[in-house]
Amino acid sequence: MCDCKDHVHGSDAGDRGPEFSLFQHIAIDQARALNERVVGSVRNVFRPWEDRLDRTRFMDSNEDDPELLVHIPFTGVVKLKSIVVIGGEDGTAPSKMRVFTNRDDIDFSTVNDVVPVQAWDIHEDTRGAIEYTTRAAKFINVSSLSIHFPSNFGADSSRIYYIGLKGDFQPLKREAVMAVYESKPQLADHKTSSAEMSRSIQ
């Protein structure tokens, strides 16, 4: 029997696409992963919901090392509500997920020493039917997300086809810079003593 206290089973219906639209707000060119077999392949896993079952686009970890650490920067701030992970077959799907917010400095030398904002034991899911719900109050004002996949279901390497993020997005606010210009100089603002004027003339 499935323990669903930290996740929900969603519908396979295509109309869930609008729910998982945060991929549009990822700074894809800045996304990166540690221990990916092909550098830059992490960008393959962020795409529209309706393309989640595309098996031609994926990210693998290096052989004989299933661990992956994914850094996801956003173009604004988000409130993250849930995560979907579609992993590979034959034991290559991640089995655990640890998530950190606004910690771009994390790498393999520190990731196990830092307490994640939330962690899950995740299931083999080839269709994106399982959502891992967040403790929403801990996932507000998120400008970047780091996801650590420390293990899989027994294979020598890990494979991820899709990472879906559900939540609310808010663009970064640009503070207006106000400058006050003096349109007409006022004599009272530019008083100069006769002594000062005399010195300047000399």
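Which backbone oxygen does the side chain of serine 61 reach? I started my notebook with that, keeping in mind that this is a predicted model.

**Entry: serine 61**

I looked up the side chain of serine 61 and found that it reaches the backbone oxygen of aspartate 65, at 2.8 Å. I then checked where serine 61 sits: it is in the loop between β3 (59-60) and β4. Is serine 61 buried or exposed? Its relative accessibility is 0%, so I noted it as buried, the cut-off being under 20%. Leaving out residues up to four places away in sequence, I listed what serine 61 touches: Asn35, Glu36, Arg37, Pro66, Glu67, Leu68, Ser157 and Ser158.

**Entry: the cores**

Next I turned to the largest nonpolar core, which has 30 residues. Met97, Leu145, Phe149 and Leu165 touch the most other members.

I went back to methionine 97 for a closer look. Setting aside neighbours within four places in sequence, I found methionine 97 in contact with Ile83, Val85, Gln118, Ala119, Trp120, Ile122, Tyr132, Ile147, His148 and Phe149.

**Entry: aromatic rings**

How many aromatic pairs does a search of the whole structure find? I got three. In one of them, the ring centres of tryptophan 49 and tyrosine 162 are 6.2 Å apart and the planes stand at 70°, so I wrote it down as edge-to-face. Tryptophan 49 is in the loop between β2 (32-34) and β3, while tyrosine 162 is in strand β9, so this pair ties together parts 113 residues apart in sequence. Both tryptophan 49 and tyrosine 162 are buried.

Phenylalanine 58 and tyrosine 161 make an edge-to-face pair too, because their planes are at 75°, with centres 5.9 Å apart. Here phenylalanine 58 comes from the loop between β2 and β3 and tyrosine 161 from strand β9, 103 residues apart. Phenylalanine 58 is partly exposed, at 24% relative accessible area, whereas tyrosine 161 is buried, at 4%.

I also noted that Phe20, Trp49 and Tyr162 form one aromatic cluster.

**Entry: arginines over rings**

Last, I looked at two arginines. Arginine 52 lies over the face of tryptophan 49, 4.0 Å from the ring centre. Arginine 55 lies over the face of tyrosine 161, at 4.4 Å from the ring centre.

Notes:
Residues are numbered from 1 along each chain as its sequence is written. This is a predicted model: local features need pLDDT of at least 70, side-chain atom pairs count only at pLDDT 80 or more; totals for chains, interfaces and linings use all residues. Side-chain values use heavy atoms; hydrogens and water are left out. A nonpolar core is a set of buried Ala, Val, Leu, Ile, Met, Phe, Trp, Tyr and Cys residues joined through side-chain atoms within 4.5 Å. Buried means under 20% relative accessible area, exposed over 50%, partly exposed in between (1.4 Å probe, protein chains only). Contact means heavy atoms within 4.5 Å. Helices (H or I, at least four residues) and strands (E, at least two) are DSSP runs, numbered from the N terminus. A polar contact is a pair of N or O atoms within 3.5 Å; within protein, one must be able to donate a hydrogen and the other to accept it, and residues adjacent in sequence count only if both atoms are side-chain atoms. Rings of Phe, Tyr and Trp (its six-membered ring) pair if their centres lie within 6.5 Å; planes under 30 degrees apart count as stacked, over 60 as edge-to-face and the rest as tilted. A charge sits over a ring if NZ of Lys or CZ of Arg is within 6 Å of the ring centre and within 35 degrees of the ring normal.
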